Amino acid sequence: NSLPSGILRQLTSRILPYIHTPEIIILVGPRRSGKSTILYQIMDVLEKEGVRPEAMLHLNFEEPQLIPKLNLKGLDDIYNTYREHVFPEGQTFLFLDEIQNVPEWERWVRARSQTENIKIFITGSSAKLMSREIATLLTGRHLSFEVTPLNFAEYLEFRKIPIPSHHLPVAANAKIRQALNDYQQWGGFPAVTLAENTQHKQRILTEYFDDILYKDIVLRHNIRDPILLRNLAVHLLTLTGSLVSSQRIAGIFQISTDSATSYCRYLQEAFMIEFLPFFSLKTAIRTRHPQKVHAMDLGLRNAVSLAHSADEGHLTESMVYHYLRRRFDDNVFYWKGTGEIDFIVRQGNKITQIWQVVTEKLDTPAVMKRELQAIEEARALFPDAKPFIVTKTVPENMPSIHCKVIPLWLLLLEKPTK
C-alpha cells in the first residue's frame, strides 16, 4: 500500500545518506511538525530501493491499542511476534514513533541495535531525546535531527507558490509578500499550511496547543494545576521576542522561583518555546541576565495570544531567530550594552556576526542613528563581527552604510549552510 509520505521535506534529504549506516536515527521536534511523515518518506525510499514492505515495522506509541504495551516486555512481545510470523530472517527496519511514551526505551533500543540485524529510526516530542544523557545511554551510536515546522521555502512549496529563481536585491513580488504575512500569522505547521480557511487553521492550532500542553507536559510531569500552566504558557507565547526571567514569572503568577523555572523547562522540552541567552564568556554574568523567549511557532503563538494587536517587531525578530537557530544551532545569543543587539553569532571562540531586526522605516534618520550606534558599540567589543540589518522593506533610496541590509523574505529563503 502507498504511504502517506506527503511533500518531501528538506530534512528528509539530509537523513537519506544515513538510512543504511549502523547508527540509530533520532528525529525530535514538536507534535505535528512532520516527524511521522519523514518516517513515511524514508520508508518510501527504502521500498523504491527494493526493501520488501514486510522488512519494515512501524509502531506509533500513541495508538490506543498499544497503551498496554508501553513497557519493555511489550516491546519485546511485539518485536518477537513480528520476527516469528512476519519477517523471520534478514535485516529489518524498525520505526518507533513517540518513543518517549515507553519507559526505559533506551535499554531496549541499545540491546537490539547491538545484537540484531536491524536499523532503528526513532521519533519523539521531548527535547530530552537530544540530551547528553541519551547519548550516554545509547553509547554514542546515534544521529539526532531536529524536526521543526516548515521553513519559509517549504511553506511556499506547500502552498505551490513559485520561489523566484533569481532573487531580486530588494523587492519581492506580491505573492511572496502576502505569503510572508500569512507565514507570520499562521506559522509553519504542515496541516495548518494546507488548511483552506482561517477557522480551520485556528481550530488546528488551538488543538495543537492543548495537545502539547496536556500530553507532553501535564501528564508527563504530573502537573497539579494545569490551568496555571496554561496561563503561564499563553503569557510566554504572547511575549515572544521579549526578555523574561523566572523571578518575574514567579511574581506574576505568585509561585516559587523554582516552580517557575520548572514550568519554563517543561515548556521548552515540549518545543512550545525556546530561550535565547545573553552572551558572556562568564557563566555568572550570563545567568544573571534575563533570557529572551521565542515561540517555537508563531501560528501557535497567535492562536492563543492575549495581545489585541500583532507586535510586528517581536514577531519579525522571532522569524529571524528561527532562521539563525537552524543555521547556527545553539551559537546564537543576544547582547546588550547601552543599546541592544538582537542577535550575535559565535563560531568557535569568536563572535562573527551581529544581527539587528528593524521594522520601522530604516531611512528615518532617528531610526538609522539608533541602530547604527548599537551596532558600532557591539563592534567595538567584537571587532571581527560582520554586521547585518534585516528589515521587511528596504528603502528605495537606502543610504550607504557599513552594514549589509537584507529584506526578510530573502533571508528566510536562504538555505542553511550546515
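**View 1. The E340–K336 salt bridge in this predicted model.** E340 pairs up with K336 here, and the closest N and O atoms sit 3.9 Å apart. E340 comes out as partly exposed, at 25% relative accessibility. K336 is also partly exposed, with a relative accessible area of 41%.

**View 2. R9 meets E154.** Zoom in on this salt bridge and you'll find the closest N and O atoms 2.9 Å apart. R9 belongs to the segment before α1 (10-15) and E154 to helix α6 (residues 152-158), so the contact ties together parts that are 145 residues apart in sequence. Both R9 and E154 are buried.

**View 3. D76 and R112, helix to helix.** This salt bridge brings the closest N and O atoms to 2.6 Å. D76 sits in helix α3 (residues 72-85) and R112 in helix α4 (residues 105-115), 36 residues apart. D76 is partly exposed at 26% relative accessible area, while R112, at 12%, counts as buried. Search the whole structure and you get 27 salt bridges.

**View 4. Inside the largest pocket.** Its volume is about 1,200 Å³. There are 37 lining residues, and the closest to the centre are Q268, E274, F275, Q291 and D330. Elements giving two or more residues to the lining include β5 (142-146), α11 (246-253) and β9 (332-336). Helix α12 supplies the largest share, six residues. By type, the lining splits into 15 nonpolar, 12 polar and 10 charged residues.

Definitions and conventions
Residues are numbered from 1 along each chain as its sequence is written. This is a predicted model: local features need pLDDT of at least 70, side-chain atom pairs count only at pLDDT 80 or more; totals for chains, interfaces and linings use all residues. Side-chain values use heavy atoms; hydrogens and water are left out. On a 1 Å grid over the protein atoms alone, a cavity is a set of points where a 1.4 Å probe fits but cannot get out, and a pocket is an open set with protein on both sides within 12 Å along at least five of seven lines; lining residues have an atom within 4 Å of a point. Grid points are joined across faces, edges and corners, and a volume is the space filled by probe spheres set on the points. Helices (H or I, at least four residues) and strands (E, at least two) are DSSP runs, numbered from the N terminus. Ala, Val, Leu, Ile, Met, Phe, Trp, Tyr, Cys and Pro count as nonpolar, Asp, Glu, Lys and Arg as charged, and the others, Gly among them, as polar. A salt bridge is a side-chain nitrogen of Lys or Arg within 4 Å of a carboxyl oxygen of Asp or Glu. Buried means under 20% relative accessible area, exposed over 50%, partly exposed in between (1.4 Å probe, protein chains only).
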